[in-house]
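The following exercises ask you to read a protein model with care, and each task is followed by a solution that goes step by step.

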Amino acid sequence: MDHVDRIIAQWRRERPDLEVGPMELIGRVKRLYQHLSRGMEKNYAAHGLTASGFDVLATLRRSGAPYALSPGDLMAATMVTSGTMTNRIDQLVKEGQVERIRNESDKRSFLISLTPKGRTLIDKVLLDHVATQQELVAGLSEGEREELNGLLRVFLSGFEEG
């Protein structure tokens with residue numbers, strides 16, 4: 001029995017009238033998220049980053065050369081509010097990881113661009129990030145990972161458009 005099994009057993013004992021099957025699934029997803037996040041956050045911290053800083057740098061890096069996006073595109077890619085994104089950008093600018101540059105196609109706006117320092121950092125962090133993620137999923141076989149990934153894709157598609 002795992003932690004979620006014990007919780008579900010308690011609810012079934014105390015409230016047998018409730019269908020707690022969804023609680024079981026959501027509880028496990030939530031606990032997995034917490035374990036996975038802690039594992040990845042250790043890697044970010046080892047490089048002087050937070051999860052949110054990593055998210056911005058990784059989004060810029062995977063966007064391809066010239067590694068620059070509008071604040072709106074960054075918000076859409078990372079699913080945060082404008083105030084949150086502004087705070088993240090300000091912090092990364094202070095640390096010299098990104099810079100605000102004029103948008104040549106629209107002089108009224110600017111883009112957020114990786115600095116050489118930011119690109120060097122994210123490339124280094126990514127190597128450790130991928131290794132960390134490999135360690136975190138090592139308890140599953142390749143087939144189990146593919147099966148779980150497929151099930152999660154179906155589940156997530158009920159909340160998001162393809």
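**Exercise 1.** Decide whether D90 is buried, partly exposed or exposed, and then describe the salt bridge that D90 forms with R100.

*Solution.* Step one: D90 has 31% relative accessibility and therefore counts as partly exposed, because buried means under 20% relative accessible area, exposed means over 50%, and partly exposed lies in between (1.4 Å probe, protein chains only). Before going on, note that this is a predicted model, in which local features need pLDDT of at least 70 and side-chain atom pairs count only at pLDDT 80 or more, while totals for chains, interfaces and linings use all residues. Residues are numbered from 1 along each chain as its sequence is written, and side-chain values use heavy atoms, with hydrogens and water left out.

Step two: in the salt bridge between D90 and R100 the closest N and O atoms are 2.5 Å apart, where a salt bridge is a side-chain nitrogen of Lys or Arg within 4 Å of a carboxyl oxygen of Asp or Glu. Step three: D90 lies in helix α5 (residues 82-94) and R100 in strand β2 (residues 98-102), so the pair ties together parts that are 10 residues apart in sequence. Helices (H or I, at least four residues) and strands (E, at least two) are DSSP runs, numbered from the N terminus. R100 is also partly exposed, with a relative accessible area of 37%.

**Exercise 2.** Describe the salt bridge between R61 and D123, and state where each partner lies.

*Solution.* Step one: the closest N and O atoms of R61 and D123 are 2.7 Å apart. Step two: R61 is in helix α3 and D123 in helix α6, 62 residues apart, and the pair links distant parts of the chain. Step three: R61 has a relative accessible area of 21% and is partly exposed, and D123, at 27%, is partly exposed. The structure holds 11 salt bridges.
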